[in-house]
Each structure stands twice: as structure tokens, then as C-alpha cells.
Amino acid sequence: EKNHKWKVQVLWGAGEDTYKMFQTFCDNIKKNTGGRLEITPFSAGAIVGTFETLDAVGQNVLQGHSTYPGYFAGKEPALAVIGDFAFGYQEPMQQNAWLNEKGGMEMMRTAYDKFNAYTVGCTWWGVESLVCKVPVRRPEDFKGLKHRGAQGLAAETIARMGASIVVIPGGEAYSALEKGVVDTVDWSTLSVNNKIGFFEIAKFATYPGFHSMPIQDFTVNKTAWNALPDDVKAIVEKTWADFSQYQVKTIAENDVVVAEEVQKKGVELIAWSDEDRGRARGMAHEVWSDWAKKSPLAKQAVESQQAYLRELKLLA
Amino acid sequence: MSLGYLTLLVFGALISALIVGLPIAFSTGAIAVVMAVWLFDLNTLNIIVSRVFTLMGNNILLAVPLFILMASILEKAGIAEDIFKAAYIWSGKIRGGLAVAVVISCALMATMVGVIGAEIVTMGVVALPAMLKRGYGKSLTLGSICAGGGLSTLIPPSVVFIMYALTAGTSIGQLYMAGVFPGLLLASLYIGYIILISYLKPEIAPSAPPEELNISFVEKLAYLKNLVLPGLVAFSVLGSLYLGWATPTEAAGIGVVGALIAAIINRRFTWRGLYLAVIDTTKVTCMLYWLFFGASVLVGVYTMAGGTAYLKELLLDLPGGRWGVLITMNLIWIVLGCVIDWIGILLLTAPVFVPVAIALGFDPIWLGVLFCMNMQISYISPPFGPAAFYLKGAAPDNISIGDIFKSVWPFLGLQLVALGLVMAFPAIALWLPQTMLAR
Amino acid sequence: MHSFVHIIGRVNEWVGRAAGLLILLVVFIIAREVIARSVFHSPSLWADESMTYIAGFVYVLGGGYALLHRRHVTVDIVYGLLGWRGRRVCDVLAFVLFTAYCLTLIWFGWDMAMTSLGQGETSGTLWNPLIWPVKFAIPLGGLLLLLQGIANLVQDFSSRP
Ligand code: NA
Ligand code: NA
């Protein structure tokens with residue numbers, strides 16, 4: 001029997017904890033399949049640029065990527081609304097339920113299908129936290145601020161709250177916040193923000209987060225996937241599902257420790273009230289609806305998630 | 001085939017391509033193509049265009065043409081010459097004073113810019129012709145500009161530190177602080193060397209001739225007014241950054257505007273001058289972009305072939321304990337620095353080096369400083385020496401790339417000394433961030 | 001043959017000059033953006049991306065222009081020692097490697113750009129412009145480079161010692 005060897009690129013820098021976690025996943029795959037599938041992980045940009053992994057997976061140059069699907073919103077807008085339903089959910093397991101019980105995963109697979117790619121599963125790296133130089137306690141506090149937005153729906157919603165969005169590449173975000181080019185930065189989770197050193201220059205953060213909860217998918221080349229025997233496929237799916245739970249849990253636990261640590265450094269963690277979150281969700285509702293117009297699949301994904309949020313009583 | 005042989009083969013092929021006169025930019029690219037097809041298949045060539053496209057969207061590169069344009073406008077408008085005359089007259093009797101002035105200017109500019117290139121090009125148009133005219137030795141002149149120019153990425157702000165922090169998951173702010181003293185250490189070593197060699201070989205570092213020395217203090221003051229306009233340019237860069245108006249890349253663009261305004265106020269602006277400045281900038285920048293494309297595609301294919309895994313094996317199989325590993329890391333950086341650029345080196349080595357170093361109990365911030373100091377070496381080590389390429393772009397035609405590479409050896413030696421010192425005494429790097437954090 | 005060399009030279013010369021002038025547009029975009037953001041508090045979504053891609057675009061296209069002016073850095077330690085015949089042998093070897101690189105850029109770059117065009121691919125950012133025009137710079141830049149490489153080779157061979 002043939003041994004399969006895959007190259008998979010992730011969105012993480014080599015020194016990040018999440019990269020180490022993905023390495024664990026690769027080790028588990030080798031162990032669980034008895035070496036019939038071996039995955040070599042590559043860090044961000046190692047083989048192709050972070051925004052080019054889907055092309056490379058489609059061409060079978062890479063056999064897979066594990067990244068934020070919203071990076072490919074320019075190819076299929078549905079990947080943005082599935083990848084991060086900004087201001088929508090409260091915590092990852094809610095979106096996980098939507099994916100697995102409400103047809104979300106099928107939509108994601110349909111979105112990736114035309115690029116010759118197949119999504120094995122998803123995980124999350126936690127709920128993101130905004131780094132702020134001034135306290136942002138409610139939607140109105142964004143008025144007049146300059147906000148460094150990442151891509152997509154979260155920034156558009158924050159713009160509706162009255163912030164002006166400044167587009168700054170990742171490499172310059174730190175300097176921009178330090179020198180006051182921007183007042184708030186959308187970067188990553190509390191622990192990553194802390195590790196990069198944002199709290200040496202800014203003393204406020206939103207926590208627990210609410211604005212963004214991006215998916216990390218595990219998507220592979222369809223030909224490579226189909227070449228696997230069925231039992232190996234099943235093992236891969238199971239190993240990923242276990243890994244997904246493990247990553248979400250580990251990061252959530254770690255965030256609690258980091259939250260205490262940064263507070264000791266004098267950082268104020270700002271939790272929005274349920275009412276303010278609800279109002280923010282109302283504004284995001286308009287942004288989601290705009291995105292629904294961008295493609296039939298985006299429409300389907302937006303409406304399905306809106307319905308699910310109503311079911312969860314998160315949306316009126 | 002083992003990756004050890006493959007690595008040797010890649011180096012061999014690269015050197016052969018260079019020997020037959022193929023430009024470095026295309027040697028790296030072509031070797032990547034050959035390697036991709038030979039080790040994998042035609043399909044793999046997709047990553048070559050993919051990596052070129054990724055670099056096209058990388059705004060770190062954008063500061064390059066902007067700073068070159070700024071320097072070129074200053075030169076065409078004669079402002080460069082003014083700055084230098086003032087510096088020369090004020091530096092007076094000190095032997096090698098101009099070369100020392102170059103290093104000090106570089107260290108000062110380094111607090112404004114975070115990419116390599118700007119200082120070298122500026123010094124290349126400002127200092128180089130004037131120094132040669134006044135009888136300074138070619139080697140001392142070229143070497144001090146190349147080496148001094150590298151300081152821009154060791155003294156904060158620094159895009160090298162930012163990219164390292166993002167790759168390694170460490171604090172940018174702490175890296176900035178950790179870079180300060182090693183940067184000053186290097187600058188002092190350069191200055192010490194220049195003064196020493198100037199006294200040992202007075203013929204390569206003449207002091208100012210009597211007619212330029214015997215001028216009254218009032219006249220000397222008059223020369224200072226020449227510094228007002230360049231001061232305006234410096235302020236437009238520095239001010240826009242520190243006032244929070246512009247990002248580092250944007251500040252480079254503001255510098256161009258500042259240079260144009262200075263030229264207009266000085267009544268030296270001409271459309272012809274602007275046109276020539278733009279043309280010069282284009283030629284140099286096209287050359288540089290293609291160099292980075294080539295290096296990037298080579299790194300991509302080598303990584304895919306298992307280069308990263310090979311580096312790991314190389315490290316783990318070593319005798320000599322943790323220090324053996326650390327020294328090997330530095331040696332690998334130095335060797336890689338000869339043939340590829342710092343972004344490529346970072347992407348290739350960080351996945352292995354950072355976790356291994358941390359596991360061995362080394363401080364990742366200190367490792368980042370060591371990385372940055374190795375990149376100081378990579379800027380000037382032949383045959384892929386970005387500092388030399390920048391300087392070649394700005395230098396008069398009679399300066400060859402060979403002249404430049406011949407000039408860097410003493411400075412390379414000093415960089416090794418500084419690297420050794422920071423390795424032996426991590427406190428040189430870590431004292432400042434630790435003190436600041438403890439506050 | 002002479003007219004071929006001449007025409008290719010002219011084409012790359014004008015591409016280079018046009019490319020050069022676009023950097024002034026970048027400077028303008030930056031100045032406008034900095035003023036808009038810091039004075040009028042109205043940053044744009046398009047400035048960062050447009051300036052980066054304009055620069056990437058022009059400098060890819062300008063590869064042939066730099067080659068026309070023989071500005072790409074070579075290591076001529078050995079090459080410089082050779083006579084006319086030796087140099088021409090080297091030129092041919094170098095040209096083979098050079099062609100492999102250019103053809104890769106042309107062929108696979110064309111493929112990438114056509115795919116992007118077919119998908120109607122946008123950059124996926126907040127500004128979200130069409131991205132294929134930038135991608136077409138790669139095959140085009142590769143072609144201009146290859147043509148200039150041929151022209152330089154022809155010129156070197158016709159320069160009798
Ligand atoms: Na600097
Ligand atoms: Na080098």
C-alpha cells in the first residue's frame with residue numbers, strides 16, 4: 001500500500017503557539033494512520049504567500065492549507081461570511097454547531113469545491129480582542145477613532161459605529177499604533193496581542209472578545225483527498241475533530257491566564273454589556289445583509305446564520 | 001539524494017551561473033526553476049510566479065524607490081553637496097572626520113528609517129563623490145557607507161525586528177529596546193576603526209586643506225544655513241512619523257515631497273532634474289526588485305525540497321551542546337546571508353531556529369538581536385550584498401561592484417567582533433529591555 | 001537583426017520611462033492620504049493597496065528596462081578575465097538559464113493571470129479591487145525581459161573583438 005505524503009501550509013508564524021499545535025496535529029495523523037499519511041507542516045509564507053495558498057492547494061503544489069478562509073473572499077465572498085460572522089456568535093462552539101448541524105460545513109465545501117479543494121474540518125484560535133489606546137466601552141465610543149481594520153465584516157461594522165478605517169499592512173500596525181496613526185488595532189487574540197508586545201504601547205483591550213471569531217479551516221486538494229483509502233479518510237476526519245476541540249479548549253484556558261497577567265501589567269480589560277453587544281450585532285446585521293448580495297452562496301450562508309442566531313436568541 | 005548534497009549542489013549551480021556572467025537576479029531565479037522541475041514536476045513552477053506576485057504586494061519593498069527618489073532629488077538639486085560642505089568644514093582637522101561623519105549620520109538616520117537602503121543611497125549621493133574628490137581612499141569611503149547604512153535595521157525602528165517578532169511570536173517593543181546598545185556598539189566599533197586606520201594610513205583620510213580650514217567662524221556659521229533645507233527634509237520624514245501622521249512607508253513618500261519643496265525653495269528645482277532623478281530611481285529599483293524576486297523563489301523551492309527539515313537535522317546532530325547549536329545557527333545565517341536576502345533567510349530558518357533555541361533555554365529576544373546582527377553581515381557579504389547593490393545604484397559609474405565588495409572586509413570583521421560580544425554578553429542586548437520592563 | 005535590437009530597445013526604454021513616472025503617482029497618493037487622514041480625519045481604503053501594487057506592477061515591467069541599461073548586478077570576477085570568444089560561450093550558457101526563468105514567468109504567470117481573470121478575482125480587502133491586472137504584469141514583464149535578453153545577446157555577438 002502506498003504511503004501518502006502531504007505538504008500543508010498554515011497561517012501561523014513558526015514561533016507561534018498555534019503553529020506548534022498544528023505540528024501536534026501532524027504528529028497525531030502519522031501516529032493514528034500508522035504512517036500511511038504523513039503531513040509536513042509549513043509556516044506562513046514558507047512555500048507561497050499567505051493569500052496564495054488556495055491557488056497552490058488547487059494546483060496540488062500544496063496538498064492542503066490550514067488558514068482563515070476569509071483570505072479568499074476575493075474569489076468567493078461566501079468564504080468571508082462563513083470564515084468570520086463578525087459580531088455574531090459569543091463563542092466558537094456556537095458556530096461549530098452551525099457548521100455541523102445547520103449545513104454550514106456543506107456550504108463551506110461548496111465554496112471551496114470550484115477551486116478543486118475539500119474542507120476536512122474547522123477549528124478556532126479563540127475570540128479576538130481589540131487593542132485600544134483609549135477605552136472603547138460601547139459602540140458609540142468608536143466615534144472619531146481611527147481603527148486599523150483587518151479585512152472583512154468586522155471593520156465594516158466598526159465603521160458603522162463611527163470609526164474611520166485605516167488600512168495598514170501587518171508589518172506596520174505596531175508602529176502605527178505606537179505613534180498614534182491609529183487608536184485601535186484589530187490584530188488577534190488577547191494572548192497573541194500580548195506576546196507581540198501591543199500592551200507595552202496600549203493599555204486597553206476588549207475582553208472577552210466579541211467582534212471577531214475567525215475559523216481556521218483544514219482544506220485539502222480534492223485529488224489528494226480522493227487518493228486516500230476510506231479508512232484513512234475517516235481517521236483524518238476524527239483526528240482533526242479531536243484536534244479542533246483540543247485547540248479551542250487550550251487557547252481558552254490560556255486566555256484566562258493571560259488575562260490575569262496583562263491586568264497586572266496595568267492593562268484594563270473591557271467587557272461590553274450584553275445590551276451593547278446586542279446593539280453591535282444589530283449594526284453587523286446590516287453589514288451581513290450587504291455581503292449576502294455578493295454571491296448566491298454568500299446569501300445562503302448569511303441567511304442560514306441569521307436564522308440560527310435568532311434561534312439562539314442572540315438576534316431579534 | 002540527501003539534502004546535504006542537494007544544498008551543496010544548489011550553491012555550486014548558483015556559483016556556476018554567476019561565473020558565466022548571468023546577473024544574480026536571474027541566477028537565483030533560474031536555479032529555482034531547474035531545481036523545481038528536477039526534484040518535483042513542471043506543476044511546481046506555479047509557486048515561482050506565486051511568490052513573485054506575493055512580493056509585488058509587499059509594501060516593505062515600497063519604501064525602497066521612495067527613499068532612492070528622495071536622495072536622488074536632493075542630489076540633482078545640489079542640496080546634497082551643501083550638506084556635505086557644511087559637514088566637511090565643521091569636521092575640520094580631524095583625520096577621517098568625513099568617514100566618521102558618515103557613520104554618525106547613518107546612526108542618526110537609523111532612528112528614523114527602519115529599512116536598509118535609504119541611508120546608503122543618501123550617503124552614496126551626498127558623501128561619496130565629495131569624499132572621493134577630497135582624496136579619501138575608495139575602500140574606506142565605500143566601506144563606511146555600506147556598513148553604516150546597515151545600522152538602520154539594528155537601531156529601532158526596524159522592519160527586520162518587526163518581521164522577526166511576527167514570525168517568532170515575540171515582542172516588537174522589547175526587540176526595539178534590545179537593538180539599541182548593539183547598534184551603538186557597532187557604530188562605535190566602526191568609528192574606532194576609521195580613526196585608527198586614518199592615523200595609520202593618513203593618505204587615505206586627508207584632513208581638510210588649508211583654504212577650507214582657515215575660514216572665520218562667521219563664515220563657518222554661514223555654511224550652517226545650508227543645512228536648513230535638508231533639515232526641512234529630515235523633519236518631514238521624522239516629524240510625520242513621530243507626530244503620528246504617517247506610517248514608516250508613507251514617511252518615505254513624505255520625504256520625497258520634502259525634498260521637492262526644499263529644491264523649489266532653493267531655486268534649484270528643474271523639470272529636467274526631476275526627470276533624471278525619476279529615471280535613476282527606476283533603473284536602480286527595477287534591479288533591486290528583481291533581485292528580491294529571484295532570492296524569494298529560490299528560498300521557496302529549497303524550502304519545499306525540505307530545506308527546513310535539513311537545517312533542523314544539521315542542528316540536532318551537532319556535538320558541542322547548546323553553545324555549539326547556537327554558534328552553528330549563526331554560521332548558517334552567515335552562509336545564507338551570502339546568497340539570499342533577509343526575508344528569505346527569516347522564512348527559511350525561523351521555523352527551526354526559534355523553537356530549538358527556546359528549548360535550549362536561550363532568550364528569543366536576544367536571538368532576534370543576533371539574527372539582526374547577522375543580517376548586518378548579510379547586507380555587505382558578497383555575492384548577494386544588498387548594501388553593495390544600493391550603493392552601486394547611487395555611486396558614479398567608475399565605482400564597480402567589485403570595488404564595493406573589496407571595501408567591506410574590515411567592517412565585516414568588526415561585525416563579527418560585535419556579534420561575538422553580544423553572544424558572550426547577552427546583557428548588551430537584554431539590559432535595556434529588562435530594565436525598562438522592571439520599571 | 002539590427003532593427004530588432006533597436007525596436008526592443010525602444011520598447012523597453014519607453015516602458016521604463018512610463019514606469020518611472022508612475023512612482024510620482026505613488027508619491028502623490030501618499031501625500032494625499034497622509035493629509036486626508038491626519039488633517040481631515042478621512043482615511044481612504046484604497047491608498048495602501050494601490051500604491052503597493054502600482055510599485056510592484058511598474059518594477060516587474062521594468063526588468064527589461066534595467067537589462068537594456070545593463071543594470072542587473074553581475075559577479076564579473078571570472079567573466080571579466082575572459083576574451084571575446086570565452087565571453088560569448090558564457091553568454092550562451094547564461095542565456096539558456098535566463099530563458100528557463102523567463103519562460104516560467106511568461107507561461108505560468110499567464111496561467112495565473114487568466115485564472116484570476118476567469119474568476120473575476122478581487123483582492124478580498126476592504127477596498128477590494130480586481131486583482132488580475134496586477135497579475136498580468138508577471139507574464140508581460142517576463143516577455144519584455146526575455147526579448148531584451150535576446151537583443152543583448154545579438155548585440156554582444158555582433159560586437160566583433
Ligand atoms: Na532604524
Ligand atoms: Na550577503
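Donors are taken as N, O and S atoms within 2.8 Å of the metal (3.2 Å for Na, K and Ca), and water is not among the atoms, so sites may look incomplete. This is a predicted model, in which local features need pLDDT of at least 70 and side-chain atom pairs count only at pLDDT 80 or more, while totals for chains, interfaces and linings use all residues. Residues are numbered from 1 along each chain as its sequence is written, chains are lettered from A and ligands numbered from 1 in the order in which they are written, and side-chain values use heavy atoms, with hydrogens and water left out.

**Sodium site**

The sodium ion (ligand 2) has its protein donors in chain B: the O atoms of G337(B), S378(B), S381(B) and F384(B), together with OG of S381(B), at 2.2 to 2.6 Å. Along the chain these donors follow the spacing G-x40-S-x2-S-x2-F. G337(B) belongs to helix α17 (residues 321-339) and S378(B) to helix α19 (residues 364-380) of chain B, so the pair ties together parts that are 41 residues apart in sequence. Helices (H or I, at least four residues) and strands (E, at least two) are DSSP runs, numbered from the N terminus. G337(B) is buried, at a relative accessible area of 0%, and S378(B) is likewise buried, at 3%. Here buried means under 20% relative accessible area, exposed over 50%, and partly exposed in between (1.4 Å probe, protein chains only).

**Interfaces of chain B**

Contact means heavy atoms within 4.5 Å. Buried area is the accessible area (1.4 Å probe) that two parts lose on being put together, summed over both. A salt bridge places a side-chain nitrogen of Lys or Arg within 4 Å of a carboxyl oxygen of Asp or Glu.

| Interface | Buried area | Share from carbon and sulfur atoms |
|---|---|---|
| Chain B and chain C | about 5000 Å² | 80% |
| Chain B and chain A | about 2900 Å² | 60% |

The contact with chain C takes 58 residues from chain B and 55 residues from chain C. The interface of chain B and chain C has one salt bridge, and the side chains of R37(C) and E250(B) meet in a salt bridge at 2.6 Å, N to O. Several helices of chain B each supply at least two residues to the side that touches chain C, among them α1 (3-19), α2 (24-39) and α14 (248-265). The largest share of that side, 15 residues, comes from α15(B).

Towards chain A, 38 residues of chain B are in contact with 33 residues of chain A. No salt bridges are found across this interface of chain B and chain A.

**Backbone features**

A cis peptide bond joins P382(B) and P383(B), with omega about 0°; P383(B) lies in the loop between α19 and α20 of chain B. In chain A, a cis peptide bond joins Y207(A) and P208(A), with omega about -5°, and P208(A) is placed in the loop between β9 (204-206) and β10 (215-221).

N116(A), a residue other than glycine, has a positive phi near 60°. N116(A) is located in the loop between α5 (104-113) and β4 (117-124) of chain A and is partly exposed, with a relative accessible area of 26%. K313(A), also not a glycine, has a positive phi of about 65°. K313(A) lies in the segment after α12 (296-311) of chain A and counts as exposed at 71% relative accessibility.
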